[in-house]
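Okay everyone, thanks for coming. Let me put the structure up, and then we'll walk through a few spots in it.

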Amino acid sequence: MTAILRAESLYKSFGAVNAADNINITIDEGEVIGVIGANGAGKTTFVNMVTGYLAPTSGKLFFYDRDITGFNPKDATEIGICRSFQIPQLFSSGTTFDNLMIAMGIAEEGTMPFWKPLATDERAKRCEEILARYEILEYRDQIAQTLSQGVRKLLDIAMASVHNPKMLMLDEPTSGVTAAEKFSIMDIVVTALKQQDVTILFVEHDMEIISRYATRVLAFYDGRIIADAKPEDALADEQVRQFVIGETVHAPVAG
Amino acid sequence: MSPAFRSNLLQIGLPVILALGLFMPDWAIFLGIISLAKGLVVLGLMLLWRTGLVSFGQGLFYGAGAYMVGILPQYLPITDALLLVLISAVAAGFLAFALGFLLRRYREIFFAMLCLAFSMIFFGILVKSESLGSTDGFNVVETSYLGFVPEEPIVMQRMLYITAAVVAWFACLFVNRYLGSTMGRLSRAIKDNELRVEYLGFSAKRAVHFKIVIAGTMAGAGGALAAIAIGHVDPEMVWWIQSGEFVFVTILSGVGNVIAPLLGSVVFEILRTFAIEYAPQAWQFVVGGCLLAVIMFLPGGLWSLIERSKEGKDDGNSSR
């Protein structure tokens with residue numbers, strides 16, 4: 001297995017708070033990593049550091065052995081680390097179609113795309129195919145601002161996926177949607193991304209989602225990783241049960 | 001308004017209207033040239049406006065273009081109007097490129113004020129420089145048109161009108177093409193969500209920088225045309241009131257189409273000319289009242305009138 005991402009002694013502090021406290025981890029190609037932890041445990045901080053939104057206080061990050069510490073979001077995206085957001089980041093005044101077309105244009109047109117038209121028939125067709133794959137084609141002409149949370153989440157992920165990412169980081173892909181929608185969203189996303197050969201890391205609070213989709217679980221607590229194992233082992237871990245599940249999940253844990 | 005109608009309007013309608021301008025009465029030709037010249041500046045402001053940026057210092061690039069026309073023939077044997085306009089535009093573009101490295105880092109009121117600050121520094125330099133004519137400015141040499149030097153002033157004016165019309169048309173075609181490209185479409189995207197643009201792998205700052213350069217280049221071309229038409233340059237072209245006027249015309253025009261700035265500019269010049277003619281003591285009052293009316297009743301600017309009437313005819317089937 002080739003390592004796609006490696007973090008070495010990663011620290012991040014915000015004043016007195018350690019959001020990342022000596023994180024050492026290696027992620028291999030093709031894994032589906034589920035990241036769990038209570039609010040404030042450092043999950044999103046980790047995602048933010050890998051995707052270039054935050055620079056670590058100290059420590060190193062490597063992507064295929066290339067040092068990416070201190071990259072900005074644009075550089076991270078260009079080398080193939082893309083992300084979606086807990087609160088979907090869309091172009092709110094554009095339609096679903098416009099949003100994805102712009103994402104595709106940026107991914108396909110190089111550094112100074114000021115001449116070639118964005119909207120070609122061929123690209124529009126592919127755009128509709130992707131919308132269909134994410135099962136949001138029926139919202140094609142709806143303004144993003146007016147979309148439901150579930151559709152916004154899917155569009156956000158679809159936009160992140162068109163830059164041919166090697167690694168996609170999904171920050172709480174199912175938060176804020178109904179329980180009934182959660183599994184269908186994850187099914188759609190995982191199926192779509194499997195076709196692209198992407199290593200997935202997703203932050204999640206729902207342990208049923210974790211045990212169904214993750215191949216490996218990282219449990220965060222207080223900026224540290226307290227468990228790194230297969231889902232069934234991680235969820236059975238005493239520390240995880242105490243610090244993660246005990247505080248965040250009210251339903252009984254499956255398995 | 002359908003895309004086909006839009007492109008017909010731009011590729012056929014606009015040149016026809018510009019050509020008809022040649023048959024304007026003598027007194028109106030000068031007005032036409034100035035309208036087109038300032039329309040070019042407003043076209044650039046429109047690009048920035050669509051990105052959520054307002055420049056209160058566009059007079060800087062307008063003035064830079066104008067001063068290039070004044071200075072260049074003193075050192076180089078260039079008198080051809082079109083060539084002067086192109087060189088001035090490129091020079092203003094370079095200035096915008098240099099300042100853009102700082103400007104592109106700011107948004108909203110900070111961007112507007114930084115533009116204003118740069119323009120007022122330039123104003124200060126001009127006023128204090130004896131060699132640049134200080135507050136009086138200086139006269140522009142007589143220009144030629146492809147080797148032809150018209151004897152009659154009115155022939156000269158018409159030649160200049162043709163030059164201005166050609167430059168304005170090409171600018172509109174370019175901007176229209178640009179607006180349909182990925183980077184052009186990023187305008188609204190940057191206004192909506194800059195973070196997302198970065199996370200799609202594009203530098204929003206670079207996109208903004210590019211817009212600053214295009215806007216500066218066109219403002220330079222406009223300034224050069226105005227300088228040739230007036231035959232004189234002075235620091236008032238750089239002053240903040242001039243920059244404010246460009247923003248005024250942008251609001252009046254609306255940003256819905258590349259033709260809107262030219263239309264708005266023509267309407268503004270006519271409005272001001274008549275207001276000064278009939279209410280010399282209160283023309284600002286008339287012009288200000290009109291702006292107020294536009295903001296209240298036509299928030300999309302004059303262009304929204306055309307858009308509305310066309311949409312009515314399309315029976316609601318038009319796409320944007």
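This is a predicted model: local features need pLDDT of at least 70, side-chain atom pairs count only at pLDDT 80 or more; totals for chains, interfaces and linings use all residues.

Residues are numbered from 1 along each chain as its sequence is written, chains are lettered from A and ligands numbered from 1 in the order in which they are written, and side-chain values use heavy atoms, with hydrogens and water left out.

Back to Glu109(A). Is it buried or exposed? Buried, with a relative accessible area of 15%; buried is under 20%, exposed over 50%, partly exposed in between, using a 1.4 Å probe and protein chains only.

Now the strands (DSSP runs of E, at least two residues, numbered from the N terminus). β1 (residues 3-14) and β4 (residues 58-63) of chain A run antiparallel, joined by five bridges; strands pair if DSSP finds at least two bridges between them. Ala7(A) has Leu61(A) as its bridge partner in β4(A). On to the hairpin: β4(A) and β5(A) have two residues between them, and Tyr64(A) in the turn has a positive phi of about 50°. Phe62(A) sits opposite Asp67(A) in β5(A).

Last stop, Ile36(A). Its contacts beyond four places in sequence include Lys43(A), Met207(A), Phe220(A) and Val244(A).

Conventions:
Helices (H or I, at least four residues) and strands (E, at least two) are DSSP runs, numbered from the N terminus. Contact means heavy atoms within 4.5 Å.
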